[in-house]
Amino acid sequence: MNSLTRRIIALSVATAAAISLAGCAVTTGNPTGNGGNDGASENKDEYRVAYIARAQADSFAAWLANEMKLEAENYDDITLEVFDGQADDEIENKMIENAIANQFDAVIIQANNADAQLPYIQQAIDAGITTITTNPRVEGLTGGNSVDADPYKQGAVVAQLALEEIPENANVVVLNGPAGNFHSTARRDAWQKEFFDKRSDVKIVAEDIANWNKDEAMTLMEDWSLANSEIDAIISMNDNMATGALEAVKSKSGFDGILSYGVDGTPEATLLIQGDQMTATSLQNARELAQLNMKAVHDLLTGVEDEVNVDIGNPLITKDNAQEYIDLYKEAGLIEK
Amino acid sequence: MLSTLKNIEVSRYSIYIILLVVVVAASLLSPNFLSSDNIFNVLRQVAVITILAFGAMTLIIGGMIDLSAGAVMAFAGVVSVMVFKSSENMLLAILAGIAIGMICNLVNAFLVATLRTPAFIVTLGMMLMARGAVLELTQGQNVLQLGDFVLIGQGNLGWLPIPVLALIAITIVVWYLMNQTRYGRSVYAVGGNEEAARAAGIAVERVKYQAFLVNGALVGIAGVLFMSRVNAGLPNAGVGYELQAITAPIIGGTSFSGGVGTVMGTLAGALIVGILGNIMNLIGIGSYIQQIVMGAIIVIAVAYDVFSKRGKAKTTILKSDAKGDTIRPGMFASGPGGGKSKT
């Protein structure tokens, strides 16, 4: 193959790749929306809304993004464009800057790290763009709106249940999310204040970071269960890690009755709770968050509301009510019917 | 001191001696380490990474690299899970995973071998494409309720865990390919000196295609084993696995310059990394310190590789001069572990 032919093929491949990537921008709702920001509360036929997700590789964030897209379709005057922050502060901040530069009418931001995004979110507010922070609420802004699922409360509700369930002088292991992650830190803080500070008899025999990942938690628990023959409970800052740790000991003798606590209320955790393999989790209901976010942004853009700050609940999922949430997931297509 | 160290001949067995030292140290640090439960535990844990490492080793010996292994593994594994859930056919599911791995690597091979695009860039692009593809396929959600699919990753054949059995079988196959076939010798020759290999009549492009396809098959198998082991189709799995896969062969003596490396060295490298991770977990060392230790090992291994080659190159040139030989292209392109460094 001569050099010219090779260059032509290379150029064609690159062009095809660029076109396919350009086609990856996700737009839902009314696709005819045009640019411009004529004032947040001024009535228009169409509003362009940017949703900046924390990371679409994160299963909860992906679920929330999907629910946002579905909910946006219920509003004829809203065009929602979804952007992926890739769990990276720098990328998320650039996305916010781009939303300002592209004069969206509104921006909904799921912060990766509230402190890191705060000045950029403030820029959006100062630019006159209707701004909502969600999951979590970003504190310290002048102006702005929020629809929240509070990570402290999510951890606290499970920790309060564990206070009654974890036996005296128990040995527990603790699995944390990525270092410095806002959600992991807040949930761990809740466990400390609501459980460990009140239960000095409980001993943490191992604690480490498993980066929200099932496989990393599984490897850690395989090793921990060999080093510690008596582990009474797994305390995890999310459900993925809790299910990974359970996978490691599910057929091991001596770990039959191990208690396991997570956060998120993922479909997998809910199924395990129903099957009596996992103890409890608290739900972040992505559908409820999406519904409240889209209602809030619509009300703010159309002038029905001047300011919105609302919270969704953090319902506890145990064996008693797991079926209710499994039905919810079946309806959302996340569990097979 | 430095000149003395440079003159020391690198022992062929140094990696195995290091492995032995690590095993002895680990057994002294934790009484649980040498229990049969823990030995199988370590082997199960290293199986996926070692299989990926054999693929990475093949490419590095051939003068290439694959940064897409982690993402392609996730893509292949999730597709395999989906095929199993829709067909209930284990063989079909495994073949689907292998096919995805090979297709992705066929694209890599086309861009690297035919269009002569740097492997680093091509596989970086493939990493993004494969990750995007698996996230799009699953909409970012884990695939659950795998049924009997977990038997591959969690089951035993007699007393031997299936992932360990797969690791042993793949080690033998890769060893055979690299040491007993024309393909293996060609990979060493291409990585040692591509132009010399071409001058010697080796079809360099074909060898690169073959190396990528072998890597693709291994990545596909790793994906199937991974998803089965964790009992879920995880679209965000394998992040950073490409670097872990590269670490094992480098520690095991594979040269980043190409042309040098062994299957057993890679296996030893993977075991060293796996055992160090295991013992640090057993004695309660946190992940921050673990990262420092792993990073230090990689740096020391690569520095040792570069340092020892400088010594070897100088010795070789001196010997050639003394004999009055002319250094010809390809004269060092040889079999396993004996290739010439480009540095």
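## Briefing on a predicted two-chain model

The C-alpha centres of domain 1 and domain 2 of chain A lie 33 Å apart. This structure is a predicted model, and in it chain A is divided into domain 1, covering 25-149 together with 286-306, and domain 2, covering 152-282. Chain A holds eleven helices and 13 strands, and buried residues make up 53% of its 337 residues.

- On the side of chain B, and not counting residues up to four places away in sequence, B:Phe75 touches B:Ile100, B:Cys104, B:Ala130, B:Ala133 and B:Val134.

**Where chain A touches chain B**

- The contact between the chains takes 31 residues from chain A and 29 residues from chain B.
- On the side of chain A, the elements that give two or more residues are helix H1 (3-22), helix H2 (59-72), strand E8 (203-209), helix H7 (214-227), helix H8 (239-249) and helix H9 (267-274), and H7(A) gives the most, with ten residues.
- Sorted by class, the side of chain A that touches chain B has 17 nonpolar, five polar and nine charged residues.

**Strand E9 and its partners in chain A**

- Strand E9 (residues 233-236) of chain A is covered on both faces, with A:Ala233 and A:Ile235 buried on one side and A:Ile234 and A:Ser236 buried on the other.
- Strand E7 (residues 171-176) of chain A runs parallel to E9(A) and is joined to it by four bridges, in which A:Val174 has A:Ile235 as its bridge partner.
- E9(A) also pairs in the parallel sense with strand E10 (residues 259-261) of chain A, over three bridges, and here A:Ile235 stands opposite A:Tyr261.
- Between E9(A) and E10(A) the chain crosses through H8(A), and this β-α-β crossover is right-handed.

**The loop between E8 and H7 of chain A**

- A:Asn211 has its place in the loop between E8 and H7 of chain A, and A:Trp212 lies in this loop as well.
- A:Asn211 counts as buried because 21 other C-beta atoms lie within 10 Å, and A:Trp212 is buried because it has 28 C-beta neighbours inside 10 Å.
- The C-alpha atoms of A:Asn211 and A:Gly177 are separated by 4.4 Å although these residues are 34 residues apart along the chain, while the C-alpha atoms of A:Trp212 and A:Gly177, 35 residues apart along the chain, are separated by 4.9 Å.
- Leaving aside neighbours within four places in sequence, A:Asn211 is in contact with A:Gly177, A:Pro178 and A:Glu216, whereas A:Trp212 is in contact with A:Gly177, A:Pro178, A:Asn238, A:Asn240 and A:Met241.

**Backbone angles in two further loops of chain A**

- As background, most residues other than glycine have a negative phi, and most peptide bonds are trans.
- The peptide bond from A:Asn135 to A:Pro136 is cis, with omega near 15°, and A:Asn135 has a positive phi of about 45° although it is not a glycine.
- A:Asn135 is found in the loop between E5 and E6 of chain A, and A:Pro136 has its place in the loop between strand E5 (130-134) and strand E6 (145-148); A:Asn135 is buried, since 25 other C-beta atoms lie within 10 Å.
- A:Asp264, in the loop between E10 and H9 of chain A, has a phi near 125°, a positive value in a residue other than glycine, and with 30 other C-beta atoms within 10 Å, A:Asp264 is buried.

How values were computed:
Residues numbered from 1 in each chain as written. Chains lettered and ligands numbered in written order. Predicted model: local features only at pLDDT ≥ 70, side-chain atom pairs only at ≥ 80, totals over all residues. Contact = placed C-beta atoms within 7 Å. Nonpolar A, V, L, I, M, F, W, Y, C, P; charged D, E, K, R; others polar. Buried ≥ 20, exposed ≤ 12 C-beta atoms within 10 Å, placed from the backbone. Pairing = 2+ DSSP bridges. Right-handed = clockwise from strand over helix to strand, strands pointing away. Domains from an automatic or database assignment.
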